[in-house]
Structures are given as C-alpha cells and as structure tokens.
Amino acid sequence: MTKPIRRVGVVGSGVMGSGIAAHMANAGLDVLLLDIVPRDLSDEAKKSKKARDRIAADNLAATVKARPALFFHPSHAARVTVGNTEDDLAKLAECDLIIEAIIENLAIKRSLFEKLEAITGDETLVASNTSGLRIVDMLEGRGAGFRQRFLVMHFFNPVRYMKLLELVPGPDTSDAVMARVTRFGRDSLGKGIVVGKDTPNFVGNRIGVHSMMTTIHQMVADGLTPEDVDAITGPPMGHPKSASFRTADLVGLDTFVHVAKNCYDALPDDEERDVFRVPAFVEQMVERRLLGDKTRAGFYKKTKAGVDTLDLSTLEYRPKGGDEAIAKAAKKIGKVADPAARVKQLVATDGKVGDFAWKVLSKSLAYSARRVGEITDDVAAIDEAMRWGYNWELGPFETWDALGFAETTARMLAEGVALPASVVKMKESGATGFYRADGAVYDLAKGEYVARPADPREVTWEVLTRSNAPVLETDGGKAFDLGDGVLGVTFTTPYNTIDTGSVQILWDAADRAERDFEAIVIFNQGANYSVGANLGSVVMAAMNKQWDDLGRLVDRYQRATQRLKYATVPVVGAPFGMTLGGGLELCFGCDAVQAAAETYAGLVEVGVGLIPGGAGCMNMLWRALEGWPEGATRNTYDVVTQVFKNIAMASVATSAVEAQHKGYFRFSDGVSFDRARHLYEAKQRAIGLARGGYHPPQPQAHVLPGESGIATLAMMVDTLVAGGFATEYDGVIAKRLGRVLCGGAAGATHPVTEDEMLAIEKEVFLSLCGEEKSIARMQHMLTTNKPLRN
C-alpha cells in the first residue's frame, strides 16, 4: 500500500467521470476512461471498436472543449485512453486505482463491483464517486479483501477547480488504504481531504444543501425575492458572489433537487427532515426545464435587455429588481475586507437584512453542530468542507466564532434553537470559541481543546512574517526575512499594481539580498498576483503630457526587472490568479517561477492602447529564443511572429501549464496544485537554486528580422484590419509592436542587445501614451473595467 499511483481507471465518462479523468491527466497520470457501448448501434457498427467506444470518446472530446477548461492544457488529453465496459473492462486490472462514476443505481453499481472484484488484485484500490449511496449497500456480496481496499472518493464539480475531496471509508476499509489515498489526493492531486462517515451526502452537501433549503424556506416565510436573498447571502455572509440562487443556476436545479430529495428520502430520523422537502415551485421549475445555466433559464435568465428574475408565485420572468434598501445595506457590508467582521456586521444590521441573516445562520450553525459525530467527528472538517467545496470564506464554526461564540450561543438558547448538549457544556466551561489562536480546536466529543495535526508545507505568509518586523519597506511594498536565508517581497499596493513604491521595493530587495540573504521570493497576497501597472497614474501623466515622468517610470521598471534578472542571488516569482501585464513582466525578471496551477497570465497592454513597457517584449522574445544550440539554423521570424500574436491578441493562459506552452513560463518552472503549499514550494525552489551553485545568467543578443520582418508583420496586420478582425487603431498598435519585436529597422544587421531592445520598447510605449485613442482606451478601462475597441 506504499506503491505510488501511476495509472487510474475511471468507469463512467459523464460530467464527473470526465472531469476526474481530466484532472488525473493534469497530475501526470495515465488514465483509462470507460463507458457503456452505445445502445443505438447497428449490427454492422457493433463490429467497430471506434463505434463501440463512442460515448467515452465523445465525452472526452467535449471535456477538451469545456469552458472553463478542465484540462490544464489540451495536450493532456493524450494521457487519457478511451474504451468501453464490454471490451476493455479487463484492462482495469493494470490500474493502481479505479474510480466508479456511473449512474446512481444500486443494482448497476453492485454488478460493476462484482466484475471488478474478479479482475483486480490485492493492491488495486477501488473507489466510488457516489454522493448518495451507502457503502454497505454497494458492497453487498463482496469479499473481505475487496471491502478492505474499497472507499468513497467524492470529488466536487468542476473537479479541477474545487479543492474538496471527501474520503469515506467503509466499515472494513483498511487504514493503509485510507493513508495511501489520502496521500495521493493531497500530494498528487492538490486536494483538501475531509474524512466523512458513510451517511447520505456525506459532509459538504449535507450541510450545504441544508443551508440552501433553509434559505429558500426562510425567503418564502419572510416574503423576500431571490435578488433580496442573494444580496444578503453572498459576500456579506462570507459566501461567493453567486450567493444562493445564482449558485443554484450554476450547479443546475435538477442536480440540487436530486441531492435534496436524497437527503429527504434517506434521512427519516433527521430532526430537520422537512427542511429538505423541495417546495412546489422548485418542483415546477424542474418540470418546465428551468434548470439554470444548462437550459439558459433558472432563477435568473439573461436577455438582450439585461437579466430577468423568475417570479416564484407566477413562474413568469420579470425585470431584475428587489428591495433597494436591502441591496444598498448588503452592498455596504460586502465591502468590508475581513470576512469575520463582515458577517458580524451583517447580523447586527437592523431590519430585514440582519433579521434574515440571523434566522438562516442560527439554524445552519445549530444544524452543523448537531451533525458532529454523525457525519464527521471534527468541527474543523465541516468548516473545511464548506470552504473547499462551496467556496465559503468561513465555515459554520468559524462563522460562529466570528459572531462571538458565547453571545451567539446564548442568543440561540434564549430563542429556543436546539443545540447539542456538547455545545452547551462548551459554553459553560468558559470556552471562548471553537478555535484558539495557538491552532487548537475544540473537540465536542472530548469536551476540550485538542491540537490539530498540521502539514508544515501549508505555511502561510502571516505565520512566516508575524514575529518579524519588515526588513525593508516602501509605500508600495515590504520585504521580510522568511528564514533559511530567503528574503520575501510582497506588494502592498491596491490589487498589487506596479507603481513607484512597488518598483522601489524590488530595487531595495535586490540590493539587500545580495548583502545579507541567499535568495528572494516575490510572493504577493490577495485575490491576484498582480494586475499590472497602476493605469491611473499612467493615464494621468499622459493627459498632462508629463513625458519625462512617464519616461522615468518606464525606465525604472525596465531596469528593475533587469536588476532582478542579473542579481547575484536567485529570484523566484510565485504567481497566482491574474498575473497580467507588469505582473507577468515581473515573472520574466525571475530566475524561476513557482506558479499556482490556477494562474492566468498574459501581456494584455494592447487592450488599453499600449504595449508591454517593463521589458516584457524583450524578455518574452528572449525566452522564446532560448535553447537553440550554437550554430543551428533557426527561423527567427517564426518565433517573433508567435510572440507578436500572443501580445497583439492579449492572449491569456488559462492555467500555469498553458502559460508554459505559450512561453510565459519555462517548462522547468514549478506548478503548485495546492495554494496552501504555494509559499512553501516557492521558498524551497529558491533555497534549491541558492544552494545548488547558482550563478546569474549572461546577457543575450540576437539577430532579429529587422525591416523585412516589420513589413511582413504589417501586411499581416493590414489583412486582419481589412477583414474586420481588428480595428484600424488595433493595427496602429500592432505595427508599432512589430517594430519592437523585430529589433527596429536595423534588427537584421547585427545581434540586437538587450539595451537596444529596451530603448525601442520604451520609445514605442511612450509614443502610444501620447495618442488620443490610447488615452481613451485607458480611461475606458479605468471606468468600466472593459476594453474599448476604438
């Protein structure tokens, strides 16, 4: 059971099965994806293996095209082999792990497991992705050995993006199997593991569906509308922007109803069973196929005029509206940065907003507490399930602490909310919350705080820096001693934008690290790594024709990225989320990148009427020209053309792996599947470089296409403009970009140096800043957050 998992079989190629297969391939595993033989085949077609594999093949093809993307890169689909369960079932014997993701039909699952038992060996793990069927029922008739290596692996959809993986052992599942799958899910797949018990809908969906059904029933009781509820139950409550009803539309109302009905049917002894009873209007929505995004109509429906809302009394659509006072109050609360402070302010708000929030939360918190011991033994596991599976910022018990444990418990008891004796005992003991500052968590069964095992790789920036004062600080960034000879740099500007203060911290950090440290890690915080330059300062300087100031800003950032690139200590960037424009240029200045898997990178300056101005044009091209052996003949124009397309089309990679394929990151750069380990892995990469004989790179010079390349790119641009694929001003920007990438008119006459490239890039950037249409694009982006095609 210590054998690594290298080959995975997935039986069932529907939405979940294909999503599981895609993420296994993302993790570098070989996958066998099987489904049934199509029932509509003619006798002749039944002889064709291709026809017999059609269901799995078609579902795999759809998964490759899925948006948002399920594969990190389309090429990963090559790791998935398709087949059918009649011809290829025996091939599953070659797999280390088999995951069943077929229809939720007990008889069909039992039949499959009987066949799997006959063909698999003692080391092959078998798992079900069921969300509603009990293990003891599925394994009826199976032998002891099979039961020992069987468990539930319940992924959340979409598998690539949702961190939660619920592992549910059966009564006979061996500890070694649980350890092996836990290690695999955490280390190979980057999942957050929650161990649940064999109860209907396990942990996340049991609590999540109860919360949603409570919200629906309370909405009806209070006479509110979906818009009113979504205003309250979104960010103000620490939940995603999609809140309640938009989330239902995204998930699919049929899926939600299926899970709710499963709870109702399978939980006859649940004290709140009736909460899971689906209201008549929801049943009617399903009958009318008002299922949400999948049918383009649910609680909300997009129209040419905007968004309409379903009137729940008539089931007819009306213009989106709602109570303006509720929307205004909720919007103000939603702007509070700290989720704990936010939810506390929400409940304390007078009127409908606070009343509704309290009613829903108090019922949800109490229900969660009553489930401890039944669905899982750990309050932290429930919180993690809701954060990782439902994207809540705070789980139920974290929310309870945020509201104030003692006063919230007292209020619930005073209002007759049923709480388990363990919580009452906890309050009487003087406990101040479920979580303590030292990391201990209150164990409701033991009646005391217990230390929770911690993965040392899941170290946070706050933990590494809380005992240290900044080594360096500017008005746009700070640098801290992260230990082990590593200097950590983080921006403090809004959205981690690039401005004079953040540029200065890069210069200061390079100087200090070369004296007192072994390496630098640039690790920003917030939702995104960096969305680029501070556009407001650029447009203001352009409007005021402050060309000298703009020139100094461009020169300073160009030189800062070059300063990092040639520092005598290694520099590691740790991008995540949006890494755009100047944020990506910062990565180009790093020796190595440790990117979060969900990094969306690109040079998007053309959208605001500019080109990259922080050495991005040169460094992206130079990276594309890496690796050519000396003396080899190369077509530089082809390389220039592809770099030109990526910049001119503002192409944004949809994953760190796609960024590698686009040339934004190197294939030698690391990809962190779990953001919780991102900082640790970036730091380890920096230490490895520093202690592995690091020396800075040598400056490069390349012969570029020059005048002929400029002319050829210009013809390409003119064709696109003439065909209506680009505006005339898009053409102006693109032609100037072409001039930079071709090394200017004289680029073919000699190896163009880095200083020459930077000078041309700066000149073109400043020339575009002076164009009225570029200024208009920048202003439009600032006011609407959308590009202007003028």
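How are α25 and α31 oriented to each other, oblique or roughly parallel? The structure examined here is a predicted model, in which local features need pLDDT of at least 70 and side-chain atom pairs count only at pLDDT 80 or more, while totals for chains, interfaces and linings use all residues. Residues are numbered from 1 along each chain as its sequence is written, and side-chain values use heavy atoms, with hydrogens and water left out.

The opening question concerns two helices. Helices (H or I, at least four residues) and strands (E, at least two) are DSSP runs, numbered from the N terminus. Helix α25 (residues 616–624) and helix α31 (residues 754–769) have axes that come within 8 Å and cross at roughly 135°. Axes are lines fitted to C-alpha atoms, for helices over the stretch in contact, and angles run from 0 to 180 degrees between N-to-C directions. The two helices are therefore oblique to each other (under 35 degrees counts as roughly parallel, over 145 as roughly antiparallel, 65 to 115 as roughly perpendicular and the rest as oblique). Gly616, Cys617, Met618, Leu621 and Trp622 of α25 meet Glu754, Met757, Leu758 and Glu761 of α31, where contact means heavy atoms within 4.5 Å.

Strand β10 (residues 306–311) is joined to β11 by 4 bridges, and Leu310 has Tyr317 in β11 as its bridge partner.

Rings of Phe, Tyr and Trp (its six-membered ring) pair if their centres lie within 6.5 Å, with planes under 30 degrees apart counted as stacked, over 60 as edge-to-face and the rest as tilted. The count comes to 17 aromatic pairs. In one of them, the ring centres of Phe405 and Phe434 are 5.2 Å apart and the planes stand at 80°, so the pair is edge-to-face. This pair links distant parts of the chain, 29 residues apart: Phe405 belongs to helix α18 (residues 405–414), and Phe434 to the loop between α19 (421–428) and β12 (441–443). Phe405 is buried at 2% relative accessibility, and Phe434 is buried at 0%; buried means under 20% relative accessible area, exposed over 50%, and partly exposed in between (1.4 Å probe, protein chains only). Phe397, Trp400, Phe405 and Phe434 form one aromatic cluster.

Charges also meet rings. The charged end of Arg273 sits over the ring of Tyr264, 3.9 Å from its centre, and that of Arg411 sits over the ring of Trp358, 3.9 Å from its centre (NZ of Lys or CZ of Arg within 6 Å of the ring centre and within 35 degrees of the ring normal).

Finally, some backbone details can be found in loops. A cis peptide bond, with omega about 0°, joins Arg67 and Pro68, and Pro68 lies in the loop between α3 and β3. Asn496 has a positive phi of about 55° although it is not a glycine. Asn496 sits in the loop between β16 (486–491) and α21 (500–516) and is buried, with a relative accessible area of 4%.

Definitions and conventions
Two strands pair if DSSP finds at least two bridges between them.
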